[in-house]
Amino acid sequence: MTSTTFDLVVLESVRLDQVNPVTSGWRTREGGAFVRIYLAAALYLFLFLFAAVSPSKAGENLKINPKLDYSSDSIDGPLITGDHMDAGAAPDRVNYVFMYGEGCYNSKRQARRTVALYEKYRGRVNFVIVDLDKPLSSSQSELVKDHYKGSIPHVVVLDKTGKAVYDTAGEVSEQEIGDLLDKALAR
């Protein structure tokens, strides 16, 4: 049986009942590479598992644009602002998806309802806001491809399995969407 320098250093450290980082292999070529590889692998595994179980961060801190002119189709900028506005639907969660154009009178009115729904369902429903006048993320592009039929505003409610329980263009009341969200959350 052959032993490496690393094995001898580790045995020597154990015999001395103290670990010296200089002689224990942390700084040696063989031992240091071994430890660094395993630490890197553990870090990547942790990050992967964290990303897999953590909820999506779509649509946090949603606010209505205070400069919106609800009496015209003027372009007043993004209708809704917030954090993580480029995120898409989250798996295993109820998702509310709002697709709009910045210069649409009806989209402005639906944006106001969307922010009101966000305040009511914050933390329980994943809100995805898609500004069709801006470049889309890949996850948003997928939602547009699957659900958008050319008319705005467009609202989609996805249940926890990803099935659309509402997928329609045009304005929709807070009450109607609230009832659908409540049913989807109860399942």
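Modeller: Strand S3 (residues 95–100) is mostly covered, with six of its six residues buried. Buried means under 20% relative accessible area, exposed over 50%, and partly exposed in between (1.4 Å probe, protein chains only). Strands (E, at least two residues) and helices (H or I, at least four) are DSSP runs, numbered from the N terminus.

Colleague: What should I know about the model itself?
Modeller: This is a predicted model: local features need pLDDT of at least 70, side-chain atom pairs count only at pLDDT 80 or more, and totals for chains, interfaces and linings use all residues. Residues are numbered from 1 along each chain as its sequence is written, and side-chain values use heavy atoms, leaving out hydrogens and water.

Colleague: Which residues point which way from S3?
Modeller: Asn95, Val97 and Met99 point one way, and Tyr96, Phe98 and Tyr100 the other. All are buried.

Colleague: How many bridges join S3 to S4?
Modeller: Six, and S3 and S4 (residues 126–131) run parallel. Two strands pair if DSSP finds at least two bridges between them. Phenylalanine 98 has isoleucine 129 in S4 as its bridge partner.

Colleague: And S5?
Modeller: S5 (residues 154–158) pairs with S3 in the antiparallel sense, over five bridges. Methionine 99 stands opposite histidine 154 in S5. Asparagine 95 stands opposite leucine 158.

Colleague: What is the strand order in the sheet?
Modeller: S4-S3-S5-S6, an open sheet of four strands with mixed pairing. S4 and S6 are the edge strands, each pairing on one side only.

Colleague: Switching to helices. Which residues of H5 are buried?
Modeller: Ile177, Gly178, Leu180, Leu181 and Ala184 are the buried residues of H5. They fall within an arc of 165 degrees seen down the axis of H5, so they line one face of the helix. The arc is that of the directions from the helix axis to the C-beta atoms.

Colleague: Why would spacing matter there?
Modeller: An α-helix has 3.6 residues a turn, so residues three or four places apart point the same way.

Colleague: Which exposed residues are on the face turned away?
Modeller: Gln175, Lys183 and Ala186.

Colleague: What covers the buried residues of H5?
Modeller: The cover includes S3, H3, S5 and strand S6 (164–169). Contact here means heavy atoms within 4.5 Å.

Colleague: How long is H5?
Modeller: H5 (residues 174–186) has 13 residues and reaches 18 Å from its first C-alpha to its last. That is close to the 18 Å expected at 1.5 Å a residue, taken as 1.5 Å times one less than the number of residues.
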